[in-house]
Amino acid sequence: MEALLSRYRNLTVLLVVLVAQLLYLAYQVKTNRDERLIRVWAVSAVTPMAGMVEAMRHNTIGFMEDYFILLDVREQNRKLKADNDQLRMENVYYRNQLATAEHAQALTLFQKQTPSKTVAARVIGNSTVGTAKAVFVDRGSTSGIEKGMAVVTPEGIVGKVVAVYPLVSQVLLVTDPTFKVGIESQKGHVHGVLDCSSGKCIVDQVQNEEKVAVGEWFFTSGEDRVFPKGFPVGMVASSQTGQGMRDIKLNLSGAPGGVEDVLVVLQGVHQPIPASAPEDLSASELPAPPPEKGGEATETAKPQTEADKVLAKYAELGKQEEHVYGAVGSSIPNFNLKPETPAKPAADIAVPAKTDSAQPAGSEPKPLSSDTTKANNAGLAVQSAAKAPAQNSPAQNSPTQNNPAQSNSTQNHPAQVNSAQDHPVQNNRAQVSEAGVLGGRPSVKAAAPAVSAAATAENEV
Amino acid sequence: MSETGDQILERPLRESWFSRFQVVALAALTLVSIIGKFYLPRLIPHTEWLELPLLLTVYFGLMRRSQIASLLFGAFVGLAEDSLSPANLPIGMYGITKTLVGYFAASVSVRFNVENSAIRLVLCFFFFVFHAFFYWVMRRALLGQVIPFDPQETFVHGALNAAVALPLFAILDRMRLSGSL
Amino acid sequence: MALVDSVHRREEQVSAERPVRDDPKRAANKIALFQYLTVAVFIFLISGFWKLQVQNPDLYSEAAERNRIKSVPILAPRGRILDRDGRVIVDNKASYSLLLNREQIKPEHLPPIAAELGLDLDELSKKIRRMGSAPQIIIKDQLSRDDIAWIEAHQDDSAYPEMQLIRAWRRQYPQDGFATHVIGYVGEISESELNLPQYLDYQQGDIIGKDGLERQYDDQLRGVDGQQRVLVDSWGHERQMEASKQAVPGKDLHTTLDLDLQAVAELAMQDKRGAVVALDPRNGEILAMVSRPTFDANKFTGRISRTDWTEIAQDPHKPLLNRAIQAQLAPGSTFKPIMAIAGLETGVIDDETHFHCSGGASFYGHYFACHIKRGHGDVNLHLGIVQSCDVFFYNVGNRLGIDRIAQYAELAGIGHKTGVDLPNETQGTMPSSKWKMRMFRQKWYAGETISVAIGQGAVTVSPLQLAAAEGGLGVGGEWYQPHLLRSAAPKLLREGHFNPDNLSQVISGMYGVVNEGGTGRAGVLPGIKVCGKTGTAQVAATEKTKGAKLNSALANNVWFVGFAPMDHPEIVVAALYENGEESFHAVPIVRDVLKAYFDKKARREKKGETETASLLAPLRLLASPVPAHMNLPIPEGLPQ
């Protein structure tokens, strides 16, 4: 035996090494454990060099000394840039709030949002293997980063933290095939799932009937419990009726592959799902986002086939001619008289606020009522909330909010309530002092954002 | 038979290598190659195809000629690479692949004139394709993951890597000969 | 130092060895080969070990199972159902369904899953048991957005890994029960259906057509589900799909229905009970079929809850009944045209025949009243039809006798299934002496013939039978099989070979019903010669005469059958208005449908569309000899 081993020593060593690695692999797969120790070592060993490489990239070759001299300036610069990003992002959020909730509430909530909610980080390396897409960023657990946190830029979402080391974190990019993000269109509040598994980013799970226009923006919906609601995701590049589901292609606004500086969203509620007790899941997840304006209307608009349209057309014809079908004594109908107004498909009638951005203010309180009911159901009782003046900018062309009719009905149904719920991040704190907050805030004369401008507007800041 | 094969040839080689190929320098090279793999694409876009760790393993295998040393080196490089891969891939995939690459590279080195550029070119190409294919097979067989395998792309990348390997190997040769390595 | 040196040294050693070995090079090769083979075998063994130890979910830990290939069905969409112009009546809507992978189901997971998705835990458990060995059980269809979000967040291994979201197709029926009875609905195959021979290929959990066209053409509409292999890694991520068996969508079903007519008929039947059938008597194509009350088939798509089902099934008005083919009611006076042609053809009456109506007549010791108590006076055939004089037809029936009546009625299709391509058609009853002997072992009494002569007594028809019968009369005594499949060739069932003069007498009587102040005068359409016949069938006549409280349930069922144009009818419409009370109440229903037909035809002609041809008779019929009754004088300027 010994002779055999020594004769085939090479082979034996090979097999031993292979088997060792296979066993190790099997152990990992079977226990589903991430081998932290080895990774920590490797990452720690590589990170300083990575930082240098990154620095080299930032500086012209041969100016290493300058780097050290200018370190302060650069650091300051970087801080400013981070602050700037922070502000831009808050601006985005703020605009969103303006678009979806009462100004006063939005402002209060905005103030409640502490600047420390995010931490700026720099991408220091790719760790792309095959189709898996991830990057390293230069902040780790010492900066308070935890696994599962969302990573964003003011322009758009980037990814989520999948591994945290003391000084470095690994961020899985949204372009990774396994990554799915719950998103929502800005105008129609059409919900979908961002899916980049095919190489191109598409919005999945959107029904053909839903209206999604090219150029429309999608924002995170908060439904995936990773990204807080309201971060820009991307703009619709194409939207076509597809097989069963609508084919929507999205241009990501965050350019996840090419970003350098990102913000990691730190928030206590974001924790990985505990492995053991499913019952406790809800406690460790972000709360579900609140019902969305207009969302209900989508569901109440009954889906139709052409049969329904034909029926609606004839019903309309009958009405116009005051003809009661099949009734004794009714006049003979004439089906060849052109109806004065073409019969609209019921979907359009039912959800005007969703689809028709040119809707004059105050003409259509309908969608709100469904909304308020829903909010009531949710048990969100906030009184003076609605009185918070809804200042309408003339530029406001979103019919979703802020027209007089709507503020009226908000008064009746204390509903708009809790825009805090619109943004799960703020939830914890915002609810505490709701009443005071709502009463105390006078009008905010911020320009209401044009629909879809919110995400792009940060350039002006 | 006991006197056949590489065993008998190793002693003088190893000595010469240990005298010149210092372990530290080797480790530094390894680190550079791995960092290169993960950070080069950030420096120079569209260089994801470059497999520096693989080329280094092949070079080590071809020049070192010791199967054991090569496979251990391959395993080390591969595991280091694994450690830096996205956290949702288990460690060991590159380790196993590169172990085999190191072993085979050392094995074939006795049959070819590894100083010959043409042979180096072919071997690098071959090992790249083997590496890519074997990695794909491992992902599929061991992890049950189906990732796309594009032979055409693999061949192109193999050719590119082989092309990079030539000057790289020449530089390494020079470093080795000058004794700095 | 150079490697070259070492190589040289090595070569020296090799050459030094040469004398010792016979063929050392060959031996070295052998060794190398042996080594590679060993490695290969070893890798092979390792892979076996791996499969068994790591990937085999049954033998080893659950964690390994997480890295698995799941086989997920791709549900094939059913074919759509289209109207004659290709407009979509029944569509499919993409939706999501939740299925549970049996092997991973943990009993303690069911309560939270049921609670989160609003399912009944008992029903869910029962279903899982019922599904026996099926590897996957679809437990909820048409998931809402909330459901999907919840499932996606909880289908990982730490929560409920048995959950699997799949894309499904929901049947999209028109709203508010539009054409529901013709279309039918789909549902999960039942235990009893599984045992039927025609469902041999089906499995537990399959969705099948349960009624109407959905059931009749289930084979065609039903697609073939595909399989898709989904790789789930140990993090619960679903990875790329392996080559899958593609789903084959069902074929679209082109029907003969015309949505325009169907819509008008639906509107005309709103808030009524009864049925409307419109068909093209020249080929049997059914243009519209309405039955009321109706139900929303969308509730039935997929898996209906028990409460919904009982609510519909136990409705006293029987919304599930397709009255158009399943109602069995006395045709009343609508039977009279058949009596008339029978009388004329057998020669028991002719155009000279008169009977006196004094408000009733006695036959075989019984007094049979006319519907007008003061009587119609002297009545010939034309007047008899126009004024629907019962006494005239008592006499005709008396002269004919039951078996000759039955002969002609059966020629028109009374008492026989029309063979329409819908399930569960009833055949109605056409009594005859043989029938009575067969059914009751009794001989027929001549007195019974009298009430049959006016469409009462034992004779019962469905609206479809009546439309087909009168329509066939209208086109000159040819009866085509009514059908809904657009591509079906017209099938001539029976031919009357009637004397054209006789036929034209009957038809002119029916023209009079509408246009000469008869009971169907509400059916007049300017420019179109509408013929028709009203009918009243008494319900519970005895209770009424006993002075019981007259409520709507006891009011008469009324009929109107109309066809137009008089000379070559293109459409026949039968309307049944249950408890409609007065016979003329059914007339406007038919009139509106006819108007819709001719208005549409005018639109098409105006547009000059070539499709007109398809609305008109198929070529075969156009080429056939002109029916004799078309030789009647045609007033100028009327459209035909």
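This is a predicted model: local features need pLDDT of at least 70, side-chain atom pairs count only at pLDDT 80 or more; totals for chains, interfaces and linings use all residues.
Side-chain values use heavy atoms, with hydrogens and water left out, while residues are numbered from 1 along each chain as its sequence is written.

**Helix α3 of chain B**
- Helix α3(B), residues 52-64, reaches 17 Å from its first C-alpha to its last, close to the 18 Å expected at 1.5 Å a residue, where the expected span is 1.5 Å times one less than the number of residues.
- Just after α3(B), B:Arg65 takes a positive phi of about 65 degrees.

**A helix pair in chain C**
- The axes of α14(C), residues 336-346, and α21(C), residues 500-515, come within 9 Å and cross at roughly 155 degrees, and the two helices are therefore roughly antiparallel to each other (an angle over 145 degrees).
- Residues of α14(C) that meet α21(C) include C:Ile341 and C:Leu344, and among the residues they meet on the α21(C) side are C:Val506 and C:Met510, with contact meaning heavy atoms within 4.5 Å.

**Chain A overall**
- Chain A has 16 helices and twelve strands, and buried residues make up 53% of its 461 residues.
- Chain A exposes about 19700 Å², of which carbon and sulfur atoms supply 57%.

Conventions:
Chains are lettered from A and ligands numbered from 1 in the order in which they are written. Helices (H or I, at least four residues) and strands (E, at least two) are DSSP runs, numbered from the N terminus. Buried means under 20% relative accessible area, exposed over 50%, partly exposed in between (1.4 Å probe, protein chains only). Accessible areas come from the Shrake-Rupley method with a 1.4 Å probe; for residues, only the protein chains shown count as cover. Axes are lines fitted to C-alpha atoms, for helices over the stretch in contact, and angles run from 0 to 180 degrees between N-to-C directions. Angles under 35 degrees count as roughly parallel, over 145 as roughly antiparallel, 65 to 115 as roughly perpendicular and the rest as oblique.
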